[in-house]
Amino acid sequence: MAGYDYVDPSIFYSREREKSFMGRLKSDSSETSMFRKLRTIKSEGDGFRLSMEQDDRRPLSFQKCFAHYDVQSVLFNISEAVASRATLSQRKNTTTGASAASQYHPGAGGGSGAPGLVPGPGAVLGAEGGLGGGLSSGSTGTSMFESPLGSREDLNPKENLDQDEGDGKSNGLVLGCPHFRNEVGGEGERRICLSRANSGGGGDSCSFQSSLSSHCTNAGVSVLEVPRENQPIHREKVKRYIIEHIDLGAYYYHKFFYGKEHQNYFGVDENLGPVAVSIRREKLDEGKEKEWMQYSYRVTFRTSQLTTLRGAILEDAVPSTARHGAARGLPLKEVLEYVMPELNIQCLRLALNSPKVPELLLKLDEQGLSFQHKVGVLYCKVGQSTEEEMYNNQSAGPALDEFLDLLGQRVRLKGFTKYRAQLDNKTDSTGTHSLYTTYKDYELMFHVSTLLPFTPNNRQQLLRKRHIGNDIVTIVFQEPGTLPFTPKNIRSHFQHVFVIVKVHNPCTENVCYSVAVSRSKDVPLFGPPIPKAVTFPKSAVFRDFLLAKVINGENATHKSEKFRAMATRTRQEYLRDLAENFVSTATMDSAVKFSFITLGAKKKEKVKPRKDAHLFSVGAITWSVTARDFGQSTDVDCLLGVSNEFIVLIEEQSKNVVFNCSCRDVIGWTSGIISIKIFYERGECVVLSVQDGCEEDIREMVQRLEIVTRGCETSEMTLRRNALCQLGFHVNFEGIVADVEAFGFAWKAGLRQGSRLVEICKVAVATLSHEQMIDLLRTSITVKVVIIQPHDDGAPRR
């Protein structure tokens with residue numbers, strides 16, 4: 001291997017390294033995963049109940065047999081639902097958004113705040129703020145999810161600031177700031193896979209081209225179960241810039257329950273508080289591979305926690321006293337006890353047979369969805385840095401006008417019938433014109449400072465600040481030569497994300513823009529990533545980039561503590577209302593409790609579920625794994641989910657998707673006793689392992705991959721050289737064998753045209769350039785390769 005000292009050690013797959021990987025896994029086995037925090041015990045007559053004292057693995061029936069509809073369902077955690085219920089009533093008043101930066105004093109754990117802070121519009125929720133108790137920020141009217149004035153604690157927050165100095169990242173557009181995190185270019189999303197980007201062999205993880213990739217970003221993955229007929233539409237939607245941090249699984253009830261025969265049950269569980277369950281038996285398509293796959297049960301289980309259990313379980317995967325596949329179906333109590341062993345079934349009551357019930361459930365489930373966003377635009381001239389200076393720019397200069405014309409369409413407010421973002425469309429009290437546009441499924445109305453009313457001799461410009469100060473995302477437009485922006489100079493509890501856009505060479509043929517982002521510290525990173533040291537030319541591509549960035553910024557903010565707390569409170573009140581006012585007296589087992597057939601009858605034994613039935617589910621089947629993070633050279637505890645469309649890895653600690661690929665991109669795998677490498681696209685791979693004693697998980701993963709992908713198990717072979725020291729085959733830049741010398745050593749070893757090399761001498765091909773690959777094949781004394789065989793017709797797997 002002389003001459004290959006430039007190859008990162010993390011790309012070698014030696015058996016010793018794999019043993020150390022397993023050793024670390026064993027030593028970490030005492031750490032808790034979200035599935036190990038629970039222990040269920042069976043008491044006579046009470047079903048399964050929750051016990052928080054133990055630290056055992058979650059029941060395998062739940063983990064493996066339930067097919068999750070979306071990512072957030074995989075993250076459903078009953079112990080967190082219990083914990084969040086206990087802390088809901090103890091919410092402390094905290095300073096958030098830009099106000100946290102403006103009122104932070106180093107070395108002080110709190111304080112009275114910035115002197116002269118007026119609790120007026122902008123720093124508070126004004127009468128038209130529209131965020132209140134829920135997250136439906138885009139709504140034009142109030143609903144039970146919105147309070148037009150917000151809560152009293154939002155109006156007069158007590159200061160409660162943690163020590164935080166910011167991330168120290170600055171550039172010519174933005175300065176590092178306490179309580180904020182900056183994106184200045186080149187950050188990209190985390191990559192745990194083994195690829196050229198992580199091997200030190202080149203490849204920018206955040207180039208302008210990579211930001212245009214049609215590969216779905218990790219934060220963009222939501223729904224995992226995609227019907228076959230919708231897959232082409234789904235693939236089209238993830239092209240160009242991807243909308244992230246949105247819970248599209250919230251439409252699950254609307255799609256699979258609403259307007260169809262199903263049952264709803266509400267109740268108050270002693271541990272979980274108010275809960276709502278929807279369940280529906282569904283007949284599967286006639287063309288299923290297995291004749292016994294006739295029915296499944298779709299389930300939605302809602303607690304006060306914002307994550308909801310959504311998915312399905314095949315009837316044959318449920319142990320039951322009734323016969324599988326019968327017209328009558330299984331007792332719903334047995335299905336729910338199997339899927340949700342921690343729930344006290346006795347607390348549930350059948351919902352009233354009222355059309356109002358499904359309507360209320362729709363509103364509850366879709367509470368956090370909004371496709372209407374209001375975005376502030378602040379104009380910053382040369383020498384300006386404070387919000388008072390920016391708010392007092394009476395009119396736009398040519399550079400801002402040029403930018404606004406690119407961003408959207410100017411609309412006359414009087415008589416405007418589309419989304420108006422609390423602007424007056426009757427009397428011109430909020431200005432005569434505004435800026436409006438659409439992107440994908442979203443409507444955006446911009447609160448442009450220079451288009452809102454200007455008040456002479458008023459430094460605070462409250463008529464402007466009452467709108468922009470209540471916007472979650474603000475675009476700060478900088479003319480050439482302006483000072484870097486800092487959120488310290490903004491006083492607002494709701495402005496959480498600032499997208500700074502600086503213009504260069506305005507109003508010329510060479511006009512271009514630089515972009516940076518400053519976001520509140522508990523707002524997760526969002527895309528599209530800003531390329532490193534790149535300026536964007538004025539174009540439709542830049543417009544799409546910016547609009548996607550703004551939408552994703554607002555969506556990401558809804559995951560921050562402030563907004564989640566508001567939404568959780570609203571959700572709990574809504575669930576309690578359903579449990580108290582929309583239930584009948586019928587329990588789940590009252591229909592069979594007094595049946596004369598069962599009187600004096602011997603207790604019937606449950607029929608065992610069909611082995612591996614769950615592996616044929618359409619939604620995501622999950623396993624607990626430890627994944628190798630090649631980007632950070634560490635191991636991470638994850639949940640592996642494999643559906644009919646996606647393979648995802650969700651890190652347990654951060655609850656973020658850290659890897660995803662489409663099932664159609666999987667080309668093969670190498671399985672060991674307690675580890676598996678999954679290869680996809682051009683030979684990139686993820687390396688996973690399970691705990692000792694869970695060898696069965698690897699067998700299940702392989703069987704699942706065989707069902708949902710067109711990949712295959714890899715083959716390992718040692719290649720000999722002929723008298724001329726040649727191996728007898730050619731390989732292209734992707735690692736695909738172009739042609740093989742007939743009856744030569746390589747041919748006799750089993751190498752065929754169309755085979756794909758994924759490892760050469762224990763080095764991953766995905767980490768090598770074509771030149772490095774050829775050099776390795778030419779200079780290695782013994783050539784051991786791992787290959788993926790072509791399809792039966794000889795076509796390479798890709």
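**Entry 1: a histidine in a loop**

I started with His245, which I found in the loop between helix H9 (231-237) and helix H10 (252-256); helices here are DSSP runs of H or I with at least four residues, numbered from the N terminus. I noted that this is a predicted model, where local features need pLDDT of at least 70, side-chain atom pairs count only at pLDDT 80 or more, and totals for chains, interfaces and linings use all residues. Residues are numbered from 1 along each chain as its sequence is written, and side-chain values use heavy atoms, with hydrogens and water left out.

Is His245 buried or exposed? His245 counts as buried because its relative accessibility is 11% (buried means under 20% relative accessible area, with a 1.4 Å probe and protein chains only).

Next I looked up its partners. A polar atom of the His245 side chain lies 3.0 Å from the backbone oxygen of Leu525. I also found the side chains of His245 and Lys559 3.2 Å apart in a polar contact (a pair of N or O atoms within 3.5 Å, one able to donate a hydrogen and the other to accept it; residues adjacent in sequence count only if both atoms are side-chain atoms).

**Entry 2: two helices**

I then turned to helix H12 (residues 356-365) and helix H17 (residues 561-581), whose axes come within 11 Å and cross at roughly 165°. Axes are lines fitted to C-alpha atoms over the stretch in contact, with angles from 0 to 180 degrees between N-to-C directions. So H12 is roughly antiparallel to H17 (the angle is over 145 degrees).

Where they meet, I saw Leu360, Leu361, Lys363 and Leu364 of H12 facing Arg571, Tyr574, Leu575 and Leu578 of H17, with contact meaning heavy atoms within 4.5 Å.

Methods. Buried < 20%, exposed > 50% of the residue type's maximum accessible area, 1.4 Å probe, protein only. Parallel < 35°, antiparallel > 145°, perpendicular 65-115°, else oblique.
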